Amino acid sequence: MQGLLLFAYEYIQSRQSLPKFLGFGILGVCNYFQTTFDFIHESAYFYAHSKAAKPNPVFTSEMTDTCILGSGLTGLIHAWQACKRGEKINLFEASPQTGGVLQSRRIDGYLLDYGANTLSLRSREVATLLDELGVLEHAIDANPEANLRFIVRGGKLISLPHSPASFLSSSFLSPLGKIRLLLEPLIPRGKNHAENVADFISRRLGQEALTYAGNPFLSGVYAAKPESLSLQYAFPALQELEQAHGSLFKGMLKSKKNPNRLPTSRLLSFPNGMQELTNQITQQLPKESTFLTTRAVRIKRLENHWEVTTRNQSGKDELHTFNQVICALPAHQLSEIEWVGLDRAERMEDLADSTHFPLALVFHGYEKRNIKHPLNGFGFLVPEVENRKILGTLFSSTLFPDRAPQNHALLTTFVGGERQPDLVYLEDDDLHALVQKEHHNLLGTHGTPAFQKIIRWPQAIPLPDHKMGKRQEAAQVLENQNPGLRFSGSHLCGPPLPNCLLASIV
Ligand SMILES: Cc1cc2nc3c(=O)[nH]c(=O)nc-3n(C[C@H](O)[C@H](O)[C@H](O)COP(=O)(O)OP(=O)(O)OC[C@H]3O[C@@H](n4cnc5c(N)ncnc54)[C@H](O)[C@@H]3O)c2cc1C
């Protein structure tokens, strides 16, 4: 949450004429809701940054034969870096393409992102890295209309406040809920270091802020409930701010400006969707060093090197040797690999232990005239208390250009997560019908969609929950005890793309 807080702080600083406290309270709150998506991304970045600042001590410049397992964004950045250091690399990827969960497809004139939809660019460090990678110049910014965000309350879409006046007039919280939120500076410091995010939000900002803001936003980002997320791992900066200053609002006012923060944050994608990011990085790697449809099945530690067994599509095994192995596989894949000769091998269980909830992405295309709502924003999120069957919907064709054929709109809807995991596995027709009904009620859609498609992620996003500390510790122990082995990926640095980018920099 540090990103959000710094954002609000800077916003207030630029409006010195306002009485300080009132300015902070109202503008901070408006910013809170306006930038939650982006902010969550940045807050976790601070962890990634600190991890990136501590390269594995067992890696030395003499290690020149590098094996990278997994070609998601994390593995690709490691590969790109190793090439830059002049190392000979082999990148093994189980699927037929690079990019991991970043997958974009153009079908019938619609551009679908099966995984991440946006990259939130808030820090100079990430901007510099994207620039060095040569991808920043290809990025496109989200439509400014996407600044408007909605939540569902009482069965209707309510726009979130974006100015002091709209904070007062908006019905996103009741008058009592707003007063409670503004009382935050008077709430005493928390004492429970292992607090979950739900308890933290309700204690500091009130139950209504948890119900109508924390709950929907966190389900939108992690497909999880705030009760399941650890404050310490999901928002370490917030916890520090409270402990240091006794209040988030006060802390924000006292905190120094972060020089690494870009003056204006950007919400990015690419003309051909998010996969263009990983495609561009892939193109910079030596072609002969990338092996697709090649799964790592066995990793053996020998005296001075590593033996990696890979299996190709036709089931043929091959043996390779390397000085070092960078394992950028998802946590849930680590136990599929046979690890041989590892020191402290018992810690592998903790490293592989990650909570993921299943998630379905349901894409519907409509002729614009068949949607009553103007789709003038980022999308909407649904608080659990509203008892609906969807977590939220992105107005994808408002967010970025060329996402749908002319006079058509593309809606990307998230279903399942921790709230209703069973819905993910409904028959396709039932899942489409369910989403269609929700859109009819909430957006005023008519008839059946002109286009529809479902993507299911059985293990979508690794949660920063109470297990994350154990995972990080296990990775550290295994790396220290097994020279030449390194673990990396969203299960260790947090899922936002900026985290994966920065955590992969050695
Ligand atoms: C639906 C969804 C929406 C998201 N939305 C956003 C968003 O809007 N913004 C944002 O910042 N983040 C978002 N994220 C999070 C972000 O996309 C991920 O955290 C990040 O892309 C993870 O990258 P990674 O390289 O760590 O892992 P992955 O992308 O999972 O890559 C791991 C790779 O390892 C490969 N692999 C697995 N087993 C083997 C094996 N045995 N041998 C070889 N290869 C193997 C896999 O095939 C895969 O390519 C989203 C994630 C999901 C799932």
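Two strands are taken to pair if DSSP finds at least two bridges between them. Helices (H or I, at least four residues) and strands (E, at least two) are DSSP runs, numbered from the N terminus. The structure is a predicted model, in which local features need pLDDT of at least 70 and side-chain atom pairs count only at pLDDT 80 or more, while totals for chains, interfaces and linings use all residues. Residues are numbered from 1 along each chain as its sequence is written.

The protein contains 20 helices and 21 strands. Of its 506 residues, 50% count as buried, a residue being buried if 20 or more other C-beta atoms, placed from the backbone, lie within 10 Å of its own. Contacts were assigned where the C-beta atoms of two residues, placed from the backbone, lie within 7 Å. Among contacts between residues at least 6 apart in sequence, 73% join residues at least 24 apart.

Strand 2 (residues 88–92) has pairings with strand 1 and strand 10. Strand 1 (residues 65–69) runs parallel to strand 2 and is joined to it by 5 bridges, with Cys 67 having Asn 90 of strand 2 as its bridge partner. Strand 10 (residues 290–291) is likewise parallel to strand 2, through 2 bridges, and here Phe 92 stands opposite Phe 291. Because 4 of the 5 residues of strand 2 are buried, this strand is largely enclosed by the rest of the structure. Together with helix 4 (residues 73–84), strands 1 and 2 make a right-handed β-α-β unit; right-handed denotes that, with the strands pointing away from the viewer, the path from the first strand over the helix to the second runs clockwise.

An open sheet of 3 strands was also identified, with antiparallel pairing and the order 5-9-6. Strand 5 (119–123) and strand 6 (140–141) stand at its edges, each with a single partner strand, so one side of each is left without a neighbour in the sheet. Strand 6 pairs with strand 9 (residues 261–269) over 2 bridges, and Ile 140 has Ser 269 of strand 9 as its bridge partner.

Methods:
Buried ≥ 20, exposed ≤ 12 C-beta atoms within 10 Å, placed from the backbone.
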